[in-house]
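Q: Could you walk me through the fold of this one? I'd like to start with the strands and then move to the helices.

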Amino acid sequence: MLTGIHILLTLKCTNECDHCFLHCGPSREVTFTLGQLRILVRQIEQLGTVKTVYFEGGEPFLFYPLLLEGVRMVRAAGFDAGIVTNGYWATSVEDALHWLRPIRDLGVVDFSVSDDEFHRLDKNDRKAEFAREAAQQLGIPTATICIEPPNVSSRAAEGGRGKPVVGGGVLFKGRAAEKLTVGLPVCRAEELTTCPHEDLLSPERLHVDAYGNVHLCQGLSMGNIWEKPLPDLVRRYDAQKHPIVGLLLRGGPILLATEHGLAMSGGYVDECHLCYTARKQLVPSFPQYLAPKEAYGL
Ligand code: SF4
């Protein structure tokens, strides 16, 4: 059952992280307006199953008044609210307390700060730490999202032979598929027969961007809420009939690629690497389902 909506408040971000699924960055402009947020929150209410609404991006604090008003709307509608930020705004704990008091007063159940090598370009940068410390002082439930760069280790395979595996927690879609896969061990495309990370059949959470796209996975859209309201999209969603999802369910990324006769290279790091690579080639053929184009760096 669908219980979570993640609002991609903006695709604009202070950083251009190599592992970003959505190719966010300073040059991205698309951002919700207050009016659009109001419509979306009403549509989420009409779904009747959602418990939690997250605000993320991009970097949602770049549009702080919009973020505050969005959290206010969501709380007034009776949902739990969460926020994901990179903490760029926390120039000191004292300053961060001022940013966060209004958020504490509205009440959020999860305040997650991305803090890892990808986000911290300067290793002496303590802004994420200041943001976390201020949140903790205010009693806001706080978490850290830490993704390590890909690393290669060896594990004993069933036959007793060591097999290189990629660790670190990066999923190879979006910018990560283009920037972080070089030099990593690969598997044969024929082995990539499932989607291991998303429940495409019956998703528990969906992301919605300001263009109106409802993401089943980043850049893989169920439909557009500005064309058909979210409750209609969700109720009429038939995974098997979705032109991309149906193939992924029946045979994984390899079926998506072979069914469309796509050229494939020697190997792929994992399912997401092939899935993203295939989907990017298919954007011109399925623009309403493979959207927004920014999710493919276009
Ligand atoms: S296999 Fe494709 S749909 Fe599944 S999580 Fe990876 S990129 Fe997303």
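Q: In what sense do β9 and β10 pair, and over how many bridges?
A: Bearing in mind that this is a predicted model, strand β9, which covers residues 213-217, pairs with β10 in the antiparallel sense, and three bridges connect them. Within that pairing, Leu 220 of β10 is the residue that stands opposite Cys 217.

Q: And what is the strand order of the sheet?
A: The sheet is open and is formed by eight strands, which follow the order β5-β4-β3-β2-β1-β8-β9-β10, with mixed pairing. Its edge strands are β5 and β10 (220-224), each of which pairs on one side only. From one strand to the next the twist averages 25°.

Q: Which strands does α1 touch?
A: Helix α1, residues 34-47, packs on the sheet and touches β1 (4-8), β2 (52-56) and β8 (205-209), and the direction of α1 makes about 170° with that of β1.

Q: Switching to β4: is it mostly covered or open?
A: Strand β4, residues 110-114, is mostly covered, since five of its five residues are buried.

Q: Which residues sit on each side of it?
A: Asp 110, Ser 112 and Ser 114 lie on one side of β4, while Phe 111 and Val 113 lie on the other, and with all of them buried both faces are covered. As a general point, side chains in a regular strand alternate between the two faces of the sheet.

Q: What does β4 pair with on the β3 side, and how does the chain get across?
A: Strand β3 (residues 80-85) pairs with β4 in the parallel sense over four bridges, and Val 113 in β4 has Thr 85 opposite.

Q: What about β4 and β5, parallel or antiparallel?
A: Those two pair in the parallel sense, again over four bridges, with β5 spanning residues 142-145. There, Ile 145 in β5 is the bridge partner of Ser 114.

Q: Back to α3: how is α2 placed against it?
A: The axes of α2 (residues 64-76) and α3 come within 9 Å and cross at roughly 15°, which means that α2 is roughly parallel to α3. The crossing of α2 past α3 is right-handed.

Q: Which residues meet there?
A: From α2, Tyr 64, Leu 68, Val 71, Arg 72 and Arg 75 meet a set in α3 made up of His 98, Trp 99, Pro 102, Ile 103 and Leu 106.

Methods:
Residues are numbered from 1 along each chain as its sequence is written. This is a predicted model: local features need pLDDT of at least 70, side-chain atom pairs count only at pLDDT 80 or more; totals for chains, interfaces and linings use all residues. Side-chain values use heavy atoms; hydrogens and water are left out. Buried means under 20% relative accessible area, exposed over 50%, partly exposed in between (1.4 Å probe, protein chains only). Two strands pair if DSSP finds at least two bridges between them. Axes are lines fitted to C-alpha atoms, for helices over the stretch in contact, and angles run from 0 to 180 degrees between N-to-C directions. Angles under 35 degrees count as roughly parallel, over 145 as roughly antiparallel, 65 to 115 as roughly perpendicular and the rest as oblique. A crossing is left-handed if the near helix is turned anticlockwise from the far one by less than a right angle, and right-handed if clockwise. Contact means heavy atoms within 4.5 Å.
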